[in-house]
Amino acid sequence: MHSAIDVRPTGGRIWTELSILFRIQFAIVRDQWIIVLLMATIFPLSTLLSMKFMFGATTHQIMVNLIVGNIVFAVIMMGFNALGQEISWQKHQGYFTYYASLPIRKVNFVLTQMLRGLMTTMPSVIIMAAAGEYLFDVHLHYEWGLIPVFILAVLSMVGIGAGIGFWSPNHQTTSNLVQGLMMFIGFLSPVMMERDQLPLVLQWIGYVFPTTYAASALREMLTAGWTNEVSVNVLIMLLFVLASYWFIFKMIRWRASE
Amino acid sequence: MNLLEIDRVSKVYKRGKSPANMDISFSIREGEIIGLLGPNGAGKSTLVKQIVGLLAPSSGEVRYRGVNVLKQQRRVSSEISYYAQEPHALGVLTAGEALLYTGLLRGLPRREAEIQTRELLERFDMGDLINRPIKRMSGGQRRMIGMGTTLIGDAPVLVFDEPTNELDPLNRKLVWDLIVERNRRGATIMLVTHNVLEAERVVDRVAFVNHGQLLEIDSVAHLKQRVDGRLKLDLTAAYGEVERLIGRMEGWGDIQRTGEHRIRLYVNKERAGRLLDWMIHDNSLPIDEYAVYPPSLEDVYVYIDERKAGAAHA
C-alpha cells in the first residue's frame with residue numbers, strides 16, 4: 001500500500017538531507033580530485049611567487065596584507081564566485097527539477113554546495129599560508145578561534161552567491177556578474193589592503209560587503225589573534241549569515257519558479 | 001474523491017509570444033491512471049510542472065487534497081513523485097547510489113532504501129550495473145534509472161513525463177507493467193505522453209491537450225464512442241501516383257497525407273463496405289497496399305483536434 005513518508009524537519013532528517021546532498025556534491029569532484037587539487041595549488045603558488053618577484057623586499061605589514069588578502073580572495077572565489085556559478089549551472093542544466101521535486105530544504109542544498117566549495121578551497125588556503133610564511137619569512141598566528149572565524153567568513157558570503165546563482169537568467173550572465181563583482185571586491189574594497197588606504201567613497205561601499213569584515217577578522221586573527229576587533233567583525237558576519245539564511249529561506253524560490 | 005484539482009490554470013511567460021496554457025480545469029481522482037496526451041509543444045510539460053508545484057501558474061490554482069500546491073510544497077514533494085525524463089543531476093553517481101540516495105531523501109529508512117534499490121535494479125535487469133556511473137550508461141539505461149528514482153519510496157502519487165521515450169520495446173513494456181502494478185497497489189498515476197497507442201492500454205481517463213488548451217477529458221471508452229462510426233484506411237499509392245489517388249478518394253471521407261506515397265482515410269462504417277468493394281474491383285485505382293483498422297485513441301485525438309481547429313477557423 002502506498003503511503004506518505006514522514007519527512008518533518010527533525011534533527012535526524014536534517015542530518016540525512018545534509019549528508020546525502022553532500023555525498024552527491026562530493027561525487028561531482030571525486031573523479032577529478034587530482035585536477036581540483038592541482039588547480040587549487042597553482043593559483044596560490046603562482047600568486048605568491050609573482051608577489052615575491054614584484055615586491056622582493058618590502059615591509060612586513062604589506063606582505064601580511066597581501067598573504068591574508070589572497071587567502072580571503074580564495075574564500076571569496078569559493079563563497080560567491082564558485083557557489084553562484086555552480087548553482088546557476090545546475091539550474092540551467094535542469095538539475096533543480098530533480099532536487100525541487102524531493103522533500104528537501106533549499107538551504108541544505110545551498111549549504112552542501114558551499115561545503116563542496118570549501119573542500120576544494122582548503123588546499124589553496126593552506127598552501128597560501130604555509131608557502132607565504134616560507135617565502136616571505138612572515139610569521140602568522142594560528143589558534144583554534146581561526147576555524148569558526150573562517151567558517152563564518154564563508155557562510156557570510158553564501159547569500160550573495162546563492163542569490164546570483166538562483167536568480168540569474170542564464171549562465172553567461174552569472175559568469176560575467178560574479179567575475180566583475182569578484183574583481184571589484186578583490187581590488188577596490190578593503191580585502192587586499194587596509195580600509196584607510198582606499199578613497200572615502202570606496203571605503204563606504206566596502207561596508208556593504210561581508211568580505212570587508214571577513215578580511216579584517218582573518219587579517220587580525222592571523223597577525224594578532226582574537227582581539228576586540230575580531231569580535232566586532234564576527235558579530236557583523238553573524239548578521240550577514242542570518243540575513244543570508246533569511247534571504248535563502250524567504251526570497252529564493254526553486255519549487256515554483258515564475 | 002478528487003485528489004488533485006486543476007482550477008482555471010493559465011501560464012504566460014514574460015518573454016513568450018503566446019500563453020503556454022490557458023484556462024485549464026479538470027480533476028484527478030484518487031486511484032486512477034490519467035493520461036495527458038498531445039503532440040510535442042502542446043503544453044503538457046508546463047501543465048504537469050504546475051501540477052507538481054514546480055511552476056507557478058500565472059492565474060488559477062492547483063489543489064492537492066483541497067489545498068493549493070504552492071502552499072504545501074513540502075507535503076506535495078513528499079507525496080507526489082515526479083519523473084522528469086532523465087536524472088541529469090545524478091549523472092556523476094553510480095546506479096546504486098542514485099536510487100539509494102533518492103530513497104533516503106524521500107524519507108525511507110536506510111535498510112528499506114537498500115532493499116528497494118536492489119529490487120528495482122533487478123527488476124530492470126540492471127543488477128550487475130549497480131556500481132556503474134550513470135554517465136557511462138546508454139540513454140535507455142539512464143532513463144530506467146530515472147524511472148527508478150521516481151518509483152523508490154512508494155509515493156502515493158506518481159507523475160511520469162514521457163516515461164517510454166528512447167526505450168527499447170522490452171523496457172517500454174516493463175515500464176507500462178510497472179505503472180499498472182503501482183496503480184494496483186493503490187498509487188494514483190498521471191502520465192504525460194505523445195505515445196497515444198501505448199498509453200491507451202493502461203489509462204482510465206484521458207485529457208487531450210493542444211496549443212495550451214484542454215481539448216477534451218473523458219474515459220477511453222467514452223472517447224472512442226465519438227469515432228465509433230468511423231474506420232481508418234491506410235493506403236499506399238503506386239509510385240508517383242499519390243496526388244491522383246487523393247483525387248480519386250475525395251468524397252469518401254476525411255483524407256490525411258501521412259507520407260510521400262501514403263494517405264490515411266477516415267470513412268463512415270456504413271460507407272466502408274461500398275468503398276472496399278470499389279477498391280477491390282476497380283483496377284484503375286493506383287493503390288499498392290491498403291489496411292483497415294478500427295478506431296484507436298489516436299484517431300479520437302485526431303478527430304477532436306480537427307474539430308476544434310475547424311471550430312476555431314469558423
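**Notebook: salt bridges, strands and one threonine**

I began with Asp234(B), which forms a salt bridge with Arg264(B), the closest N and O atoms being 2.7 Å apart. The two residues sit in distant parts of the chain, 30 residues apart: Asp234(B) is in strand β11 (residues 230–237) of chain B and Arg264(B) is in strand β13 (residues 262–268) of chain B. I noted that this is a predicted model.

Are the two partners buried or exposed? Asp234(B) has a relative accessible area of 8% and is buried. Arg264(B) is buried as well, at 17%. The cut-off I used for buried is under 20%.

Next I looked up Asp154(B), which makes a salt bridge with Arg185(B) at 3.2 Å between the closest N and O atoms. This pair also links distant parts of the chain, 31 residues apart. Asp154(B) lies in the loop between α5 (139–151) and β7 (157–161) of chain B, and Arg185(B) lies in the loop between α6 (169–184) and β8 (188–193) of chain B. Asp154(B) is buried at 17% relative accessible area, whereas Arg185(B) is partly exposed at 38%.

Arg65(B) is in the loop between β4 (59–64) and β5 (67–68) of chain B, and Glu30(B) is in the loop between β2 (21–29) and β3 (33–37) of chain B, 35 residues apart. Arg65(B) is partly exposed, at 28%. Glu30(B) is partly exposed too, at 40%.

I then asked how many salt bridges there are over all chains. The count comes to 27. I also found a network of salt bridges that links Arg13(A), Glu17(A), Arg105(A) and Arg74(B). A reminder to myself: side chains of opposite charge can pair when their charged atoms come close.

**Strands of chain B**

I traced an open sheet of 4 strands in chain B, with the order β2-β1-β4-β5 and antiparallel pairing. β2 and β5 of chain B each have a single partner strand, so one side of each is left without a neighbour in the sheet. Strand β1 (residues 2–11) of chain B is joined to β4(B) by 5 bridges. I checked one position here: Glu5(B) has Arg63(B) in β4(B) as its bridge partner. Helix α1 (residues 44–51) of chain B lies across β1, β2 and β4 of chain B and runs at about 125° to β1(B).

I moved on to β7(B), where 5 of its 5 residues are buried. Which residues lie on each face? Val157(B), Val159(B) and Asp161(B) are on one side, and Leu158(B) and Phe160(B) are on the other. I recalled that in a regular strand the side chains alternate between the two faces of the sheet.

β7(B) runs parallel to strand β6 (residues 80–83) of chain B, with 4 bridges between them. Ile80(B) stands opposite Val157(B). β7(B) is also parallel to β8(B), with 5 bridges, and Asp161(B) stands opposite Val192(B). β7(B), α6(B) and β8(B) make a right-handed β-α-β unit.

**Last entry: Thr212(A)**

I found Thr212(A) in helix α10 (residues 210–224) of chain A. Thr212(A) is buried, at 1% relative accessibility. The side chain of Thr212(A) reaches the backbone oxygen of Gly206(A) at 2.5 Å. Leaving aside neighbours within four places in sequence, I listed its contacts as Pro190(A), Arg195(A), Gly206(A) and Tyr207(A).

Technical notes. Residues numbered from 1 in each chain as written. Chains lettered and ligands numbered in written order. Predicted model: local features only at pLDDT ≥ 70, side-chain atom pairs only at ≥ 80, totals over all residues. Heavy atoms only, no water. Salt bridge = Lys/Arg side-chain N within 4 Å of Asp/Glu carboxyl O. Buried < 20%, exposed > 50% of the residue type's maximum accessible area, 1.4 Å probe, protein only. Polar contact = N/O pair within 3.5 Å; in protein donor to acceptor, adjacent residues only side chain to side chain. Contact = heavy atoms within 4.5 Å. Pairing = 2+ DSSP bridges. Axes fitted to C-alpha atoms, helices over the stretch in contact; angles between N-to-C directions. Right-handed = clockwise from strand over helix to strand, strands pointing away.
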